[in-house]
Each structure stands twice: as structure tokens, then as C-alpha cells.
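Hello,

Here is the structure for you to look over. My notes follow below it.

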Amino acid sequence: MLGDVSILKLFTAGVLPGLLLAGTFMAWVMLHTTLDGTLVPEAEAKLSQVSWRERFAALKDLAPALFLIACVLGSMYGGLATPSEAAAVGVLGAALVAWAQGSLTQQVIRDVVMGSVVTCSMIALIVLGASILGNAAAFLGIPQSVAAFVKGLGLSPFLLIVVLIGFYLVLGCFLDGFSMIVMTLPIVLPIVKAAGFDDVWFGIFLVLAVEMAQITPPVGFNLFVIQGLTDDGLGYIARVTLPYLLIMIGFVLLLTLCPSIVTILPKLLYG
């Protein structure tokens with residue numbers, strides 16, 4: 001919405017990079033645990049006692065999540081709903097799942113409604129502030145001045161992306177992901193497009209950059225989530241997640257050198 005880019009194209013563009021990045025993470029986990037067998041001795045022992053029949057039977061637990069994905073993405077890709085309407089389809093699907101699981105009570109509905117109001121109000125205020133900031137920046141000519149300054153530096157497109165990675169990593173130390181997007185997009189997007197990058201490609205880059213910023217201390221949202229789950233120290237968690245940060249940085253640089261990884265599916269499906 002902020003960049004006037006097709007949401008359907010962005011969803012499609014993220015499929016191949018998402019699969020490749022997930023595969024890269026899996027490869028690192030396999031390599032790391034192979035080199036250091038002390039990392040997962042208990043889990044490996046328990047897994048060896050589980051038959052393949054039990055493993056496949058456990059896949060049924062993924063059915064609710066797969067059903068919701070099919071509701072949201074399937075309705076959009078099938079041309080049955082716009083992105084906004086697909087959100088409503090997702091709500092209906094979630095309600096059906098909760099009803100099937102016997103957890104659709106009045107208290108749950110009340111909590112969900114209140115949580116939605118709080119979240120939507122927060123997002124609306126952030127978008128409003130970003131809109132005011134964007135209009136003020138445009139009136140003062142800030143995007144054009146910043147674009148001219150960056151152009152004057154003579155950076156190649158590759159170096160520009162390297163600078164932006166560092167920029168978002170620093171911002172991630174102080175801001176949450178959504179605020180980073182709405183505050184920087186009006187200024188950064190024109191610069192990136194002037195450098196020759198596709199706006200859909202930049203959407204995927206921005207998602208990856210924000211996710212990288214979510215694991216940079218001291219205000220790394222994902223670090224706090226992991227800390228709450230494990231009770232480990234924030235410094236320890238930041239240290240053990242460092243390889244994943246480096247993998248993501250390398251992956252973004254790969255997407256910069258081979259942008260077709262992002263753009264090939266949208267071009268094939270939508271032209």
C-alpha cells in the first residue's frame with residue numbers, strides 16, 4: 001500500500017526466495033549439528049525411537065495451518081478475493097478452525113476482538129504518522145535531496161544495497177519492523193528505483209532487511225521472543241543467532257546479484 005505495489009505480485013515474488021532461504025537455514029542446521037554432535041543428543045535419541053508411520057501421522061497437526069494458508073492465498077491466487085477480502089476469508093477460516101477444536105468461546109471472541117482493535121489502532125496511528133512524515137518530506141524535497149546526494153556518491157547498485165543493509169541493521173537496534181518500513185519507504189524507494197531495481201524486488205529486499213533487523217540487539221523483537229521461550233540470556237541468544245544473520249546478509253547480496261530469483265515468478269504469472 002505504501003509503495004503502490006501489487007500485493008499479489010509480492011506474495012508470488014516471495015515464494016522462491018523463501019524456499020531457498022529456508023533450505024539454506026536447514027543446510028546450516030544439518031552442518032552445525034553434524035560438526036558438533038553434542039548439540040542435539042536427546043532430540044536425536046528420541047527421534048530414532050519414532051517410526052516413519054508415526055512421523056507421517058503427525059503431519060495431521062499441520063492441517064489447521066495449511067487450511068488457513070489455503071483460505072488466504074488460495075482465494076487470492078484463484079481470483080476469488082482481493083487482498084482485503086482474503087483477510088476476511090482468513091478470519092472466517094480461523095473461526096471455523098477454532099470451532100472445530102472446541103475453543104470458540106465468548107471469552108475467546110471478546111479477547112480476539114479487543115486485540116484486533118488495539119493492533120489495528122496502533123497500525124493506523126503509525127501509518128498516519130508515516131503519511132504525514134512522507135508528505136512533509138516530499139514538500140521539503142527531502143527524498144529528492146537524499147537521492148541526489150546518494151547519486152553524487154557514485155555508488156554502484158550493489159554498493160547501494162550494501163549501504164542499505166547496514167542502514168536497516170542500525171535502525172533495527174532501536175525500532176520495530178513495521179515502524180522501519182513506514183518511516184523509510186518514502187525516502188528509500190525512489191533511490192532504489194533510480195538505481196534500476198524493480199519495486200517488487202525491493203519489497204522482498206525490505207522484508208528480509210527488516211527480518212535481519214529483528215535479531216540485532218538491543219531492540220531485536222525476535223530475540224526477546226526467543227528469550228521468553230528459553231529463559232536464556234539476551235547476549236547468548238544474539239551470539240547463537242549470528243550465523244543466521246550472516247546467512248541472511250549473504251542471501252540478500254545473492255538476490256542483488258541475481259534479481260531474477262525474485263522477479264521470475266511474477267513475470268511468468270502476471271507479465
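**Aromatic rings and helix packing**

Tyr-168 is buried, with a relative accessible area of 0%. Keep in mind that this is a predicted model. Phe-205 is buried too, at a relative accessible area of 1%.

Now the rings. A search of the whole structure turns up six aromatic pairs. One of them joins Tyr-168 and Phe-205: the ring centres are 6.4 Å apart and the planes stand at 70°, so the pair is edge-to-face. Planes over 60 degrees apart count as edge-to-face. Tyr-168 sits in helix α9 (residues 157–171) and Phe-205 in helix α11 (residues 199–213), so this pair ties together parts that are 37 residues apart in sequence.

Phe-205 also pairs with Trp-201. Here the centres are 5.7 Å apart and the planes are at 5°, so the pair is stacked. The cut-off for stacked is under 30 degrees. Both residues belong to helix α11, four residues apart, which is about one turn of the helix. An α-helix has 3.6 residues a turn, so residues three or four places apart point the same way. Trp-201 is buried, like Phe-205.

These residues are part of one aromatic cluster, formed by Phe-167, Tyr-168, Phe-197, Trp-201, Phe-202 and Phe-205.

**Helix α11**

How many of the 15 residues of α11 are buried? The count is 12, so the helix is largely enclosed by the rest of the structure. Among the buried ones are Val-200, Gly-203, Ile-204, Leu-206 and Met-212. What do the buried residues of α11 pack against? Their partners are α1 (7–13), α2, α9, α10 (177–194), α14 and α15 (260–270).

**Helices α2 and α14**

Two of those partners, α2 and α14, also pack against each other. Helix α2 covers residues 15–35 and helix α14 residues 242–257. The angle between them is about 140°, and their axes are 11 Å apart. The crossing of α2 past α14 is right-handed.

From α2, the contact uses Pro-17, Leu-20, Leu-21, Thr-24, Phe-25, Trp-28 and Val-29. From α14 come Pro-243, Tyr-244, Ile-247, Met-248, Phe-251 and Leu-255. By class, this contact of α2 with α14 has 12 nonpolar residues, one polar and no charged.

Best wishes

Definitions and conventions:
Residues numbered from 1 in each chain as written. Predicted model: local features only at pLDDT ≥ 70, side-chain atom pairs only at ≥ 80, totals over all residues. Heavy atoms only, no water. Axes fitted to C-alpha atoms, helices over the stretch in contact; angles between N-to-C directions. Helix = DSSP H or I, 4+ residues; strand = E, 2+ residues; numbered from the N terminus. Left-handed = near helix turned anticlockwise from the far one by under 90°. Contact = heavy atoms within 4.5 Å. Nonpolar A, V, L, I, M, F, W, Y, C, P; charged D, E, K, R; others polar. Phe/Tyr/Trp six-rings, centres within 6.5 Å; stacked < 30°, edge-to-face > 60°. Buried < 20%, exposed > 50% of the residue type's maximum accessible area, 1.4 Å probe, protein only.
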